[in-house]
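Subject: Handover of a structure and the findings on it

Dear colleague,

Please find below the structure that I am handing over to you.

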Amino acid sequence: PEVGQVGVRCVHCAKSRPKDQRVKGHVYYPSSVNTIQQCVKDLQSRHLAICGTIPDNCRERLRSLKGYGSKPEGDSVQYWIDSAKELGLQDSPDVVGVTFYRNPGEKSPADCLAIEKSEGIPSGSFIMRAEDRTSVTDSMALLLKQFRPCRFQASDRRGSRSRDRALGSPGIFCVHCSKKRYFPVTEKKL
């Protein structure tokens, strides 16, 4: 494993034993987001049966659940992939393995939005007025924070835009790259 690489491990071994005294197979490092589910299955089938640190009530609960839902409906692999991505995991761009695409110790934009909401802080953006915040969903507020207003310029003319937008028409641009500029013709297109 590389520094920053994400793995799955037995929480019981991690809490109670030094690394050099843990049973073999107590940790697995998936090669990609697509293999996380298989790593969890391997941990369950190979390690949990021989782990001496699992409390008896947990071991009994695991035994009682064995076979339950063993053939889930739908695409369970895709469920694991989607869930991993929601947690901020990605295939590492540098090495074989899984990493976080953002530091999980830092607050995400969604976390900041939740704090603002819980503390009653008006969380407007460059596009949305603070007093309008209560009129939109959290996901829309988060989306609107990613853009700033701009005006249509001669350099924006290309393709079909040259026919229907006057210089100075309102639009929005991405606050992250400042290159993506969007000029909706109607509110519905926004």
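Predicted model: local features only at pLDDT ≥ 70, side-chain atom pairs only at ≥ 80, totals over all residues.

Residues are numbered from 1 along each chain as its sequence is written, and side-chain values use heavy atoms, with hydrogens and water left out.

**Confidence**

The mean pLDDT (the predictor's confidence in each residue, from 0 to 100) is 81 for the chain, and 90% of the residues score at least 70. Helices (H or I, at least four residues) and strands (E, at least two) are DSSP runs, numbered from the N terminus. Confidence is highest in strand β2 (residues 27-28), with a mean of 93, and lowest in helix α7 (residues 161-164), with a mean of 58.

**The sheet**

Strands of a sheet pair through backbone hydrogen bonds, either parallel or antiparallel. Here, an open sheet of 3 strands runs in the order β5-β6-β7, with antiparallel pairing. Because β5 and β7 stand at the edges with a single partner strand each, one side of each has no neighbour in the sheet. Two strands count as paired if DSSP finds at least two bridges between them. β5 and β6 are joined by 5 bridges, while β6 and β7 are joined by 2 bridges. β6 and β7 also form a hairpin with 6 residues between them, and Ser178 in its turn has a positive phi of about 60°.

Of the 5 residues in β6, 4 are buried, where buried means under 20% relative accessible area, exposed over 50%, and partly exposed in between (1.4 Å probe, protein chains only). Phe173 lies in strand β6 and is buried, with a relative accessible area of 18%. The bridge partner of Phe173 in β7 is Arg181. Beyond four places in sequence, Phe173 has contacts (heavy atoms within 4.5 Å) with residues including Phe147, Pro149 and Ser178.

Phe152, in the loop between β5 (147-151) and α7, and Phe183, in the segment after β7 (181-182), are 31 residues apart. Both Phe152 and Phe183 are buried. Ser169, in the loop between α7 and β6 (170-174), is in contact with Phe152 and Phe183, among others.

**The nonpolar cores**

A nonpolar core is a set of buried Ala, Val, Leu, Ile, Met, Phe, Trp, Tyr and Cys residues joined through side-chain atoms within 4.5 Å. The largest has 12 residues in all, among them Val6, Val8, Tyr28, Val40, Leu43 and Ile81. α2 (36-47) and α4 (76-86) each supply at least two residues of this core, and α2 gives the most, with 4 residues. Another core lies apart from it and has 5 residues, including Cys10, Leu48, Cys51 and Ile54.

Yours sincerely,

A colleague
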